[in-house]
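Work through the exercises below with the sequence and the model open beside you.

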Amino acid sequence: MNNAVLRLTDVTRTHGAAPHEVLALRGVSFAAYPGELVAVMGPSGSGKSTLLTIAGGLDQPSSGEVSVEGVDLARLGQEGRARMRRTSIGYVFQGLNLIPALTATENVALPRELDGVAPRRARAEARRALEEVGILDLADRFPDNMSGGQQQRVAIARAVVGERRLILADEPTGALDTETGEGILQLLRARCDAGAAGVLVTHEARHAAWADRVVFLRDGVVVDETGTDRADVLTEPAAR
Amino acid sequence: MSVKHALLALLEQQPMYGYQLRAEFEQRTGTTWPLNVGQVYTTLTRLERDGLALAEGEDGEGHVIYRITDAGRGEVATWFTTPVARTQPPRDELAIKLALAVTVPGVDVGTVIQQQRSATMAALQDYTRLKRQAAGSVEPADLAWSLVLDSLVFGAEAEIRWLDHCEARLRRAAAEHGRENWRLDDDASPSEHQFHRPAGETPARGAR
Ligand SMILES: Nc1ncnc2c1ncn2[C@@H]1O[C@H](COP(=O)(O)OP(=O)(O)OP(=O)(O)O)[C@@H](O)[C@H]1O
Ligand SMILES: [Mg+2]
């Protein structure tokens, strides 16, 4: 199967140098297909964020290969990876990474504008994304004047704005109450049902359960996997 | 589960025959706890013996219709106002299995925990899928079913949290005491990682 939106092949990532090196990932192979939401679970320090930043081209593996929509990220170079991040990849950071000097709308519109979308159109798209996450009324506020949960929703709007093929979300429901958290999952799920591939890092089992597959990480190794297998997804699109 | 009380509660709405009772029960609870119709009729016979329900003749198609009695109404009221006894927590078998796994030599506790976590997670995925399908309906029976699903979700979630907790505690204990059979991770040879299970397209892998 070659149509994976994201494919990691035997990826390792070592932080620091011997004798204090940390093996954050130790030979991880992982794929996410169009229409699929994959959850990644594991204890703190098991390598979830490392996996996601490498998948998103924000960090490079020490060895192994990462491809997004069939393109090897290592061959793309710095500039190409940055472009890939703006156009194909939506990323929700574990720390939210909103720009304090920009309003909610401006934060969400930024990746689109950087990619050459006309400002008016980018802002209209941003407002639609903010509406989807339920905070259109805060469109002109600055991050500092929002609650943690509201900022989180801005970060999610920023990740789903435009036609992203790959959505990577690191604990996107962290600061949200159960109800709002479910709303975010509904949104991620809808994007995946519409054809995007999603990877969701979470420590909440009830949130991971929205995924088609759940991958378990321990000490930088994928130790197990659960969920509907590909054949079922293809033959029963609406599930049981 | 008290089939007796569930059927009585349904009869309080209106007189019904066996198949109807089963259908009404499953409409509210899904097929989570399937009732066979033989079980329904055995229960109805006992309810009649105990004076809680009455067979009041057949409908045109030969179904025996049952009606609740005043004593039966009293029984339902008592059932609703009495908390369910927590004498047999449903997780007992798992708790006992783990208690034995950590004490019986040679058992790979890490694998026991992970396999259970996977199985419970898969069940949680099923419940969540069913919940998504039931979402949006305003039918009382669908709402009832969705509340049953919520209960299953909370139960599975609690079990997974407990398994995570067990794993973390066992890891800590292994680090502190170096007890062999508590060891969840083999630092010396990651390629023989104890979780290793050949599965799917992302098999467990050691370094290099
Ligand atoms: N820049 C870095 N330098 C050194 N070690 C690092 C660095 N980044 C991560 N690590 C280490 O790599 C391992 C994996 O970290 P990672 O952030 O991927 O974990 P995580 O699974 O996301 O944890 P959490 O649930 O706490 O977010 C950890 O042991 C961490 O300390
Ligand atoms: Mg992390």
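A residue is taken to be near a molecule if one of its heavy atoms lies within 4 Å of it. This is a predicted model, in which local features need pLDDT of at least 70 and side-chain atom pairs count only at pLDDT 80 or more, while totals for chains, interfaces and linings use all residues. Residues are numbered from 1 along each chain as its sequence is written, chains are lettered from A and ligands numbered from 1 in the order in which they are written, and side-chain values use heavy atoms, with hydrogens and water left out.

**Exercise 1.** Describe the shell around ligand 1 and the polar contacts made there.

Step 1. List the neighbours: ligand 1 is surrounded by A:His15, A:Val22, A:Ala24, A:Gln94 and the run A:Pro43, A:Ser44, A:Gly45, A:Ser46, A:Gly47, A:Lys48, A:Ser49 and A:Thr50.

Step 2. Sort them by class, counting Ala, Val, Leu, Ile, Met, Phe, Trp, Tyr, Cys and Pro as nonpolar, Asp, Glu, Lys and Arg as charged, and the others, Gly among them, as polar; the shell then holds three nonpolar, eight polar and one charged residue.

Step 3. Assign them to helices (DSSP runs of H or I, at least four residues) and strands (runs of E, at least two), numbered from the N terminus. Strand E2 (22–32) and helix H1 (48–55) of chain A each give at least two shell residues, and H1(A) has the largest share, with three.

Step 4. Look for pairs of N or O atoms within 3.5 Å. Oxygen atoms of ligand 1 lie 2.5 Å from a polar side-chain atom of A:Ser44, 2.8 Å from a backbone N or O atom of A:Gly45 and 2.7 Å from a side-chain N or O atom of A:Lys48. The protein covers 58% of the 640 Å² of accessible area (Shrake-Rupley method, 1.4 Å probe) that ligand 1 has on its own.

How values were computed. Polar contact = N/O pair within 3.5 Å; in protein donor to acceptor, adjacent residues only side chain to side chain.
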